[in-house]
Amino acid sequence: MKNSLLFAEVLEAADRLSLPEREELVDILRRRMIEQRREEIANDIRDAEHEYQAGGCRPASASELIKEIQS
């Protein structure tokens, strides 16, 4: 509930901005979201590399993966 209230307050504050300010806000938020997603992907890659190096997974061909999924 608290997040919903905060979200509503943010929307109301954004409504008080001029159109150019809202456009800039959208651009900033979009760039931040892209950067956050890049960081998440980089973390996933690091985790997968560590798992691979620890022997937690093995290389496999696409056909091997499909057979494993279907079994």
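This briefing describes the helices, salt bridges and surface patches of one predicted protein model. Because the model is predicted, local features need pLDDT of at least 70 and side-chain atom pairs count only at pLDDT 80 or more, while totals for chains, interfaces and linings use all residues. Residues are numbered from 1 along each chain as its sequence is written, and side-chain values use heavy atoms, with hydrogens and water left out.

**Helices**

- Helices are DSSP runs of H or I with at least four residues, numbered from the N terminus.
- Helix H2 covers residues 19-53 and has 35 residues.
- From its first C-alpha to its last, H2 reaches 51 Å, close to the 51 Å expected at 1.5 Å a residue; the expected span is 1.5 Å times one less than the number of residues.
- Gly55 follows H2 and has a positive phi, near 85°.
- Helix H3 comprises residues 62-70 and contains Leu65.

**Salt bridges**

- A salt bridge is a side-chain nitrogen of Lys or Arg within 4 Å of a carboxyl oxygen of Asp or Glu, and by this rule the count comes to two.
- One joins Glu35 to Arg38, with the closest N and O atoms 3.7 Å apart.
- The other links the side chains of Arg37 and Glu40, at 3.0 Å from N to O.
- Glu35 and Arg38 both lie in H2, three residues apart, about one turn of the helix, and the spacing of Arg37 and Glu40 in H2 is likewise three residues.
- An α-helix has 3.6 residues a turn, so residues three or four places apart point the same way.
- Arg38 is exposed (over 50% relative accessible area; buried is under 20%, partly exposed in between, with a 1.4 Å probe and protein chains only), because its value is 54%.
- Glu35 is partly exposed at 37%, as are Arg37 at 44% and Glu40 at 35%.

**Surface patches**

- Patches are made of residues with over 30% relative accessible area and no salt bridge; like charges are joined within 9 Å, and nonpolar side chains (Val, Leu, Ile, Met, Phe, Trp, Tyr) within 5 Å.
- Glu21, Glu23, Glu24 and Asp27 form a negative patch; Asp and Glu count as negative, Lys and Arg as positive, and His and the chain ends are not counted.
- The place of a charge is taken as CG of Asp, CD of Glu, NZ of Lys or CZ of Arg.
- Asp27 lies in H2 and counts as partly exposed because its relative accessibility is 38%.
- Leu25, Leu29 and Met33 make up a nonpolar patch with about 270 Å² of accessible area together, by the Shrake-Rupley method with a 1.4 Å probe.
- Leu25 also belongs to H2 and is partly exposed, at 31% relative accessibility.

**Distance between Leu65 and Asp27**

- Leu65 is partly exposed, with a relative accessible area of 43%.
- Leu65 and Asp27 are 38 residues apart in sequence and 40 Å apart in space, C-alpha to C-alpha.

Methods:
Helix = DSSP H or I, 4+ residues; strand = E, 2+ residues; numbered from the N terminus.
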